[in-house]
Amino acid sequence: MHIPDGILPLGLSLGGWAIAAGLTALSLNRIAAQPDPRAGLPRAAMMTAAFFAASLIHIPVPPSSVHLVLPGLMGAMLGWYALPAILIGLAFQAVMFGHGGLTTLGVNAVILGLPALAAFGLTRNLGHVTQRAAAAIVGFATGAGAVLLAVALFAAILLAGLPAHLDAGAERAAITALALAHLPLALAEGMVVVAVLGFLRRTSPEMIVAR
Amino acid sequence: MLSAIVKPLIAALLLAGPAAAHGAFVDMGTTEAVAIQARYDTGALMAGAQVSVFAPDNPAQPWLTGMTDADGRFVFVPGDRAGQWAVQVRQAGHGAMGYVTVGTDGAAITVTASRTGLSWAQRLLMVASVVWGCIGTALYFRRLRPAEPA
């Protein structure tokens with residue numbers, strides 16, 4: 001779910017950069033308004049490492065394979081720190097492994113950043129439920145919903161930027177196949193969020209109070 | 001009697017023109033072609049991916065489009081325009097570019113493949129370096145926090 005260089009038209013790449021810059025400015029603004037903006041940095045650094053490494057973990061979903069993207073976990077764990085963390089992680093992935101690209105860094109940050117912020121909103125409003133089953137459902141919805149939203153954004157942006165010389169039917173079929181391959185990933189990431197939040201709830205509940 | 005049948009036949013053949021020709025010839029020869037094989041970085045083959053070949057003088061409109069076969073392969077013969085030909089392979093938002101340089105004599109073809117994959121050791125070291133940097137950052141900002149009262 002990382003769009004590389006040379007796939008999107010210039011307008012979409014620039015638009016992606018503009019929206020990503022706006023979201024990052026908003027996030028940094030909210031972080032700066034916190035009583036101790038540095039307090040969240042250790043966790044943001046650790047989650048950036050997890051996000052960076054996760055994209056190399058491929059899960060075979062015949063006929064292709066998908067990799068972990070973790071937007072739900074980033075949003076639920078980091079709150080406003082999620083967007084800068086995702087931006088840094090994506091930049092490292094683009095430069096080191098060619099996952100995504102620098103011209104499409106903005107677009108990719110929007111594809112994963114918006115679901116992360118949505119996950120943050122969901123956990124902030126519903127993350128205080130104490131009943132175990134209800135908490136598990138919220139956690140699952142956060143992780144799975146964020147992946148589905150990211151896939152929807154990815155597909156919509158690709159279809160919007162499809163050049164006229166391509167066989168649109170074949171490309172639509174390929175995008176549909178890729179989106180379907182991400183359904184098991186959504187289940188997996190939903191369970192990851194349930195497991196991580198459940199673990200934190202038992203060991204250090206103060207850590208999951210999203211800011 | 002016989003000529004009454006043959007004469008209209010000859011006339012009909014003459015009027016029918018080229019469509020009446022049933023002989024065919026195939027000219028054959030060998031040429032220098034460019035063969036590509038596209039893979040994802042997981043090693044999986046890009047089967048049925050769309051290939052666009054761009055001539056040196058027109059990077060906007062493809063000179064040739066096609067599709068890779070089940071083994072991710074595609075073969076084409078570049079035209080005689082000298083310069084750098086670009087080949088893009090893409091499928092569902094993933095893709096890569098490769099370049100082919102055609103010399104002025106039309107025969108000399110040099111191929112510049114897109115970035116080759118990294119070995120697992122390289123990947124592991126890169127991931128470990130970045131993760132270690134993140135751990136260092138985390139520890140640094142942890143130390144900066146005011147000591148909590150015992």
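**Legends to close-up views of chains A and B**

**View 1. The contact between chain B and chain A.** The contact takes 30 residues from chain B and 32 residues from chain A, two residues being in contact if their C-beta atoms, placed from the backbone, lie within 7 Å. On the side of chain B that touches chain A, β2 (50-54), β5 (83-91), β6 (94-102) and α2 (120-144) each supply at least two residues, and the largest share, 12 residues, comes from α2(B). The model is predicted, so that local features need pLDDT of at least 70 and side-chain atom pairs count only at pLDDT 80 or more, whereas totals for chains, interfaces and linings use all residues. Residues are numbered from 1 along each chain as its sequence is written, and chains are lettered from A and ligands numbered from 1 in the order in which they are written.

**View 2. The elements of chain B.** Chain B has two helices and seven strands, where helices (H or I, at least four residues) and strands (E, at least two) are DSSP runs numbered from the N terminus. From the N terminus on, these elements run α-β-β-β-β-β-β-β-α.

**View 3. Helix α4 of chain A.** The 16 residues of helix α4(A) (residues 82-97) should span 22 Å at 1.5 Å a residue, and the end C-alpha atoms are 21 Å apart, which agrees; the expected span is 1.5 Å times one less than the number of residues. Just after α4(A), Gly98(A) takes a positive phi of about 70°.
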